[in-house]
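Reader: I'm new to reading protein models. Could you walk me through one, a feature at a time?

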Amino acid sequence: MKIHEHQAKELLARYAVPVPRGRAAFSVEEAMDIADSLGKYPVVVKAQIHAGGRGKGGGVKIAKTKAEARQYASQILGMQLVTHQTGPEGKKVQRLLIEEGMDIKCELYAGLLLDRACAQNVFMVSTEGGMEIEKVAAETPEKIVKVHIHPAIGFQRFHAQKLAFALALTGDAFKSAVKCFTAMYKAYDDLDASLLEINPLVVTGDNRVIALDAKMNLDDNGLFRHPDIEAMRDLSEEEPAEVEASAANLNYIKLDGTVGCMVNGAGLAMATMDIIKLHGGTPANFLDVGGTASAETVEKGFRIILSDKNVRAILINIFGGIVRCDRVAGGVIEAVKKSKVSVPVVVRLEGTNADIAAKLLSESGLSFVVAKDLTDAAQKAVLAVKGT
């Protein structure tokens with residue numbers, strides 16, 4: 001689950017990670033009240049959306065006066081902010097973060113995530129703060145210093161000191177960084193985060209290390225331990241079809257292709273998308289209906305897939321292990337009748353009672369395209385998109 005910058009900073013502040021003073025505003029007047037409460041200018045007016053690159057898109061402004069603060073708040077709140085991460089359609093700004101301006105001496109980078117290759121958390125820092133870390137990794141990877149944290153040891157002071165040394169910090173800035181990194185790791189670990197990124201992490205004129213920005217993603221599987229964080233979820237920032245799928249206990253991720261996929265099992269879903277690509281098609285989604293694949297879940301899956309106007313064919317690929325193929329076939333037939341599907345539907349069912357399922361589909365009176373194996377299914381789905 002993603003949260004907004006202001007929410008991430010609220011959580012970090014609980015763990016004594018230094019952050020600028022500020023609060024979220026949902027109207028221009030509320031923004032002005034917060035700006036006045038900070039006591040002095042400049043203040044920073046920041047759009048709050050679940051995407052990076054807000055500054056380049058015009059979503060971050062430094063207001064040197066009260067008049068400028070009102071002007072920028074009015075401009076940004078309600079704007080359709082387009083960044084390299086939102087796509088050309090952009091995202092509507094529905095809230096702002098108003099916070100104090102900082103005296104910045106230098107900008108750094110700090111990030112925490114799980115390194116799956118070695119099954120350990122990795123703490124990364126770089127002197128190239130303010131830049132996209134992907135670009136730094138591609139062009140100057142030697143400028144990213146990584147410290148892996150063994151789960152049996154946990155984050156120790158020597159880890160924090162190694163990170164601070166890597167940033168060439170000295171004196172009070174070094175001490176401040178050690179405290180900041182220790183607090184960051186505790187927040188990341190306690191809150192079941194899957195990503196914590198501070199870019200930029202700044203050193204101020206008086207040698208304090210402060211999280212000027214904050215991006216935090218939470219592991220959905222750990223949210224039951226944090227109901228207060230789960231309440232921070234902003235559904236307006238998420239893909240509507242993904243929200244609907246989540247409510248129906250379906251695993252759905254929208255993609256940019258034309259072949260809608262309905263599969264049971266995450267591994268089989270990934271393989272299905274790969275083979276569609278292999279045969280010249282593009283998957284429109286990842287959709288795992290789970291092990292049961294009942295008529296109800298199949299119908300919901302059809303509705304979610306068809307909400308994407310780019311879908312020109314649907315490929316159903318079900319392995320009948322836990323669930324029988326004839327039961328799935330019955331669910332597919334019922335769902336197609338109810339959903340009034342207007343695009344070609346390619347069906348590949350394999351496993352228990354697959355022969356009975358094939359007979360049910362052929363005698364249904366509906367124009368299913370039945371495939372004999374996965375390769376055949378992918379080829380037929382791609383041809384269906386092309387209208388052949």
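**Reading the sheet**

Author: The labels E and H stand for strands (at least two residues) and helices (H or I, at least four residues), which are DSSP runs numbered from the N terminus. Strands count as a pair if DSSP finds at least two bridges between them. Before we go on, this is a predicted model, where local features need pLDDT of at least 70, side-chain atom pairs count only at pLDDT 80 or more, and totals for chains, interfaces and linings use all residues. Residues are numbered from 1 along each chain as its sequence is written, and side-chain values use heavy atoms, with hydrogens and water left out.

Reader: What holds strands together in a sheet, parallel or antiparallel?

Author: The general idea is that strands pair through backbone hydrogen bonds, and either sense can occur. Here the pairing is antiparallel, in an open sheet of four strands with the order E1-E6-E2-E3.

Reader: Which strands stand at the edges?

Author: Strand E1 (22-25) and strand E3 (60-63) do; each has a single partner strand, so one side of each is left without a neighbour in the sheet. From one strand to the next, the twist averages 20 degrees. For angles, axes are lines fitted to C-alpha atoms, for helices over the stretch in contact, and the values run from 0 to 180 degrees between N-to-C directions.

Reader: How many bridges join strand E2 to E3?

Author: Four, with E2 covering residues 43-47 and the two strands running antiparallel. Across that pairing, Val 44 stands opposite Ile 62 in E3. E1 and E6 also pair in the antiparallel sense, over four bridges, and there Ala 25 faces Leu 96 in E6.

Reader: Is E6 buried or exposed?  Which residues count?

Author: Buried means under 20% relative accessible area, exposed means over 50%, and partly exposed is in between (1.4 Å probe, protein chains only). Five of the five residues of E6 are buried, so the strand is largely enclosed by the rest of the structure.

Reader: Which helices pack on the sheet?

Author: To read packing, look for contacts, meaning heavy atoms within 4.5 Å. Helix H2 (residues 28-37) touches E1, E2 and strand E6 (96-100), and its direction makes about 170 degrees with that of E1. Helix H3 (residues 66-76) packs on the sheet too, touching E2, E3 and E6, at about 165 degrees to the direction of E3.

Reader: Now the rings. What describes a pair of aromatic rings?

Author: Two things: the distance of the centres and the angle of the planes. Rings of Phe, Tyr and Trp (its six-membered ring) pair if their centres lie within 6.5 Å; planes under 30 degrees apart count as stacked, over 60 as edge-to-face and the rest as tilted. The whole structure has five aromatic pairs. Take Phe 123 and Phe 155: their pair is tilted, at 5.6 Å centre to centre with 35 degrees between the planes.

Author: Tyr 185 is in helix H6 (residues 171-190). Both partners are buried, Phe 155 with a relative accessible area of 14% and Tyr 185 with 9%. Ring pairs link Phe 123, Phe 155, Phe 181, Tyr 185 and Tyr 188 into a cluster.

Reader: One last try, with single residues. Where is the place of Leu 287?

Author: Leu 287 belongs to strand E15 (residues 285-288). With 0% relative accessibility, Leu 287 counts as buried. Not counting residues up to four places away in sequence, the residues that Leu 287 touches include Leu 250, Tyr 252, Val 263 and Ile 305.

Reader: What about Leu 223, in a strand or in a loop?

Author: Leu 223 is in the loop between strand E12 (215-218) and helix H7 (227-230). Even there, Leu 223 counts as buried, at 8% relative accessibility. Leaving aside its neighbours within four places in sequence, Leu 223 is in contact with Met 1, Leu 218, Ile 229 and Glu 230.
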